[in-house]
Amino acid sequence: MELFKVEDLIFNNQKQNFWSNTPATYELGPVSFNLKAGETLAIIGGNSSGKSLLAKLLVGLERPNSGRILMNGVEINNADLTSSCHDIRMIFQNSNESLNPGLTLGAILEEPLRLNTKLDTQQRNNLVVKTLRKVGLMSDHQFFYRHMLSDGQRQRVALARALILNPKVVVADEPFAALDPSVRSQAVNLLMQLQKDLGIGFIFISHNLGIVRHISDKVIVMQDGKVIESGKTEVIFTWPKAEYTKKLVDAHQALVNRQGS
Amino acid sequence: MARFNLYQEEQHPSPLQYTWLEFQKNHIAMGGLVCLVLFILITVFCPLLAPFDPNLQKTGNILVPPSWDANGGITHIFGTDGLGRDILSRVLYGCRMTFGISILLVVFALLVGVGLGAIAGMSKGFRSSFLNHTLDSIQAIPTILIAIIIIAILGTGLVNSMWAIVLALIPQFVHQTRDFVRSELSKEYVMAARLDGASKIQLFARSILPNMGETLVMQATLALSISILDISALGFLNLGAQAPSSELGALLSQGIEVAYIAPWNIALPGGALFLMVVSVNIVGDGLRSALKNRLLH
């Protein structure tokens, strides 16, 4: 049974340039994939390959021109964010920017609950504390502001914010890019642990092939808005077919071998 | 501050307490605050503080010097004016009038300006542009000049001058709010709030407004000192508050007739006006940096 399914997602972005008549076009897709509960899908590719755009399409920040997104076999309507299904949550690339500087962490985490659930203040507060504990923070942290936390703690808050609504799928846009290696591995382990416990499907965009190989079950390789290869992680890393994938994997292997020797 | 305490801390400072802690570190701002609180107390409790009715004329006590002068008496601490009215009472009532009206005007301009600016910032295209620039034409002319034009049409009077000042203050609030909302809308935390399902109003009230304190305090302080000066300037020119009224600017213009023989008639209201504007600016500046530092350390 597929938890999450994307069928032929196409996005066409035409920006009319004020100075010239030829509009700049960017085309993404068609993208299709499916995801089982507890599975991790990684999307890799160079800059401007449309990875972040794909993430925005999945959570509903941008609207696709055609194609369908299905959750448990039911199509999701992303047109209206206020009423759409909140089974998909997003973790942003820069956890510092994605937390409101003027609010305490408790208020930041309470916001999605207030908007999407019918819990009263006491229940919301309990859930906030529970979620903070779940990601390895303390209940006292709900009174803290963004500037009082370290990068790793901010990333944990971003994770807590994504998990607090009990989503089925979490989309993360390079969640570990800003972290140093030790904190990064902590975050990766935390994420894998939570994924195992909660059984969420995880879509993960990254440059770091080491982490991709470590945590993902499937990989999609993108270049210039097109999917050029997709399949099981081990297959792609062992027998890459497309030229671009070969280059990526070779570069990664060279790095690993050099570190090993 | 210990970040990790084994036991849950009993009390955590609220945002307001954080601001107060930061504000206390600035001693000059604290001095300004004492002064400002004094003016607020005067504004509220003026009838209890003033020893005489401000319009009570004592024909036997014309131009009595203040109490520190050799010829002065303790009955009239600040002396009396050309009609035998007690200057202390008049200055107290004058502070009440000038300061109270200015605060009223700024609060009104702030509410209207922030409201319009928020709508302009959250909407796109023509509507946004229209709301943003409708009142711009007013900004091209100095406040006093607009006030004079409005008074020329509607006639002299305190209420007319109040309208003129409000009209002149609103566009700045609109601009500040719109620019701020525009710059915040593109940030990721607003995008995250949108994904939480926040509507536009919730987005503004819950996500953007908590970060606007600094901008608003800065603009409100500026507006408050402008409106204090304008009200008294119009009073001084006999365009705003009229003669028997004890508005500070009107006091000055009445005192100028006897300036050479009784300089305390203009020195004392002038001093009060000066102190008022300085304390407003100092407190505003201190509050702004406190709000900024609250989110830095």
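By class, the lining of the largest cavity has 10 nonpolar, 3 polar and 1 charged residues. The model is predicted.

**Cavities**

- The cavity count comes to 5, taking those of 30 Å³ or more.
- The largest cavity holds about 110 Å³ of space.
- The residues lining the largest cavity number 14.
- Closest to the centre of the largest cavity are A:Gln155, A:Arg156, A:Leu159, A:Phe176 and A:Ala187.
- Two helices of chain A, α4 (151-163) and α5 (181-198), each supply at least two residues of this lining.
- Helix α5(A) gives the largest share of the lining, with 5 residues.

**Helix packing in chain B**

- Helix α3 (residues 87-122) of chain B packs with helix α11 (residues 248-255) of chain B at an angle of about 140 degrees. The axes of the two helices are 8 Å apart.
- Because of that angle, α3(B) counts as oblique to α11(B). The cut-off for roughly antiparallel is over 145 degrees.
- On the α3(B) side, the contact is made by B:Arg90, B:Val91, B:Gly94, B:Cys95 and B:Thr98.
- On the α11(B) side, B:Leu248, B:Leu251 and B:Gln254 make the contact.
- By class, the contact of α3(B) with α11(B) has 4 nonpolar, 3 polar and 1 charged residues.

**B:Ser128**

- B:Ser128 is found in helix α4 (residues 125-133) of chain B.

**A:Asn100**

- A:Asn100 is found in a loop of chain A, between β6 (88-91) and α2 (105-116).
- Not counting residues up to four places away in sequence, A:Asn100 touches A:Ile108 in chain A. Across in chain B, A:Asn100 touches B:Tyr189, B:Arg206, B:Ser207 and B:Asn211.
- A:Asn100 and A:Tyr145 are 45 residues apart in sequence. In space, C-alpha to C-alpha, A:Asn100 and A:Tyr145 are 8.7 Å apart.

Technical notes. Residues numbered from 1 in each chain as written. Chains lettered and ligands numbered in written order. Predicted model: local features only at pLDDT ≥ 70, side-chain atom pairs only at ≥ 80, totals over all residues. Heavy atoms only, no water. Axes fitted to C-alpha atoms, helices over the stretch in contact; angles between N-to-C directions. Helix = DSSP H or I, 4+ residues; strand = E, 2+ residues; numbered from the N terminus. Parallel < 35°, antiparallel > 145°, perpendicular 65-115°, else oblique. Contact = heavy atoms within 4.5 Å. Nonpolar A, V, L, I, M, F, W, Y, C, P; charged D, E, K, R; others polar. 1 Å grid on protein atoms, 1.4 Å probe; cavity = no way out; pocket = protein on both sides within 12 Å on 5 of 7 lines; lining within 4 Å. Points joined across faces, edges and corners; volume = space filled by probe spheres on them.
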